[in-house]
Amino acid sequence: MEGHTEPNIVNYLHAMKHLLFLIPLALLHVQSIAQPFIDFPTDGAIWVNTEYTYTFNPPNPIPASDLTDVDYYCTLGMDTTIQSNLYTQVYRCGDTYKGALRQDNGVVYFVPRDSVDEYLLYDFGAQENQTLQNVFIGNHFDDSFMLQDFTVNQTGTEFIGGMTRRVVYADQYRWIEGIGCVTGLFMEPWANVSLYENRLECMSVNGTTLFPTDGSGDCSLTVAVATAKNISAQIYPNPNAGIATLQFGTVQTDVLVSIFNSIGQMVASFTTADTDRVELAFEGPSGIYNVEIRVGNELRTNLKLIKI
């Protein structure tokens with residue numbers, strides 16, 4: 001009997017050792033599943049949505065892009081109660097009320113302006129092959145919207161904005177936890193349809209840029225940068241109220257800078273004199289302006305300037 005007992009004890013000890021080894025792994029797995037959802041920001045957040053249109057210029061096979069629309073959305077720490085639920089108000093930055101957001105266990109809901117009806121905006125707890133019904137899809141030209149069903153193709157995580165975030169892929173879009181959709185906070189999630197493209201150009205919270213790459217500065221101060229024929233230039237702040245700085249990478253001499261409105265009318269013109277920057281000040285309505293930089297008669301680069 002004693003000869004049979006010792007192997008059993010050894011086997012038992014080996015089994016217990018194996019079990020104790022597996023317990024921490026199991027706990028890690030449970031903790032990863034139970035990781036709390038990252039909240040949508042309720043204060044100090046800025047989303048910059050853009051639309052680009054494309055035109056072909058044969059024989060060049062690569063289309064040229066033109067910035068045709070920009071929308072800015074902000075949360076300002078202001079709450080509202082709708083149908084007994086607490087929401088965060090969302091505004092077009094410095095302008096009108098857009099609607100209200102709330103998050104419940106990874107699901108983000110949206111109530112449009114002049115409505116009490118709640119719609120699904122994002123679901124960061126969605127599973128692969130799950131169909132999400134009646135998802136809110138905004139129109140970038142006005143406050144109209146549509147509801148669309150989407151089937152989740154894939155879920156995962158990515159390190160974005162200084163932390164690991166859940167990411168949901170469905171059809172041709174990507175939702176990022178705590179940030180929004182890569183095609184814009186409310187914009188329709190399709191790209192290159194009828195030669196246009198929507199983007200979430202930038203998203204920041206309290207002076208920290210989270211998307212597309214983490215860094216310092218609000219999205220309202222995002223710098224537009226362009227480089228052509230050895231002249232690099234940037235406009236800041238951009239957008240602005242009609243006063244900005246155009247800075248070159250190096251000192252420039254005899255450079256002509258012209259600003260044109262959306263219908264091609266020149267609204268201002270400046271020349272440099274051995275300097276690496278030009279102060280831009282001009283009058284005109286809010287909108288998108290084109291800044292041309294010329295050396296002699298040769299166009300060297302174009303920049304977009306956004307006046308708010």
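**Close-up 1. Strand 7 gives the most to the lining of the largest cavity, supplying three residues.** Strands here are DSSP runs of E, at least two residues long, numbered from the N terminus. This is a predicted model, in which local features need pLDDT of at least 70 and side-chain atom pairs 80 or more, while totals for chains, interfaces and linings use all residues. Residues are numbered from 1 along each chain as its sequence is written, and side-chain values use heavy atoms, without hydrogens and water. Strand 6 (119-123), strand 7 (131-138) and strand 10 (173-176) each bring at least two residues to this lining.

Close-up 2. Of the 14 residues that line the largest cavity, Phe136, Ile137, Trp175, Cys181 and Met187 are the closest to its centre. A cavity is a set of points on a 1 Å grid over the protein atoms alone where a 1.4 Å probe fits but cannot get out, and lining residues have an atom within 4 Å of a point. By class, the lining has 13 nonpolar residues, one polar and no charged ones; Ala, Val, Leu, Ile, Met, Phe, Trp, Tyr, Cys and Pro count as nonpolar, Asp, Glu, Lys and Arg as charged, and the others as polar.

Close-up 3. Arg92 counts as buried because its relative accessibility is 16%, and buried means under 20% relative accessible area with a 1.4 Å probe, protein chains only. Beyond its neighbours within four places in sequence, Arg92 is in contact (heavy atoms within 4.5 Å) with Asp71, Tyr72, Tyr73, Lys98, Asp142 and Asp143.

Methods: On a 1 Å grid over the protein atoms alone, a cavity is a set of points where a 1.4 Å probe fits but cannot get out, and a pocket is an open set with protein on both sides within 12 Å along at least five of seven lines; lining residues have an atom within 4 Å of a point. Helices (H or I, at least four residues) and strands (E, at least two) are DSSP runs, numbered from the N terminus. Buried means under 20% relative accessible area, exposed over 50%, partly exposed in between (1.4 Å probe, protein chains only).
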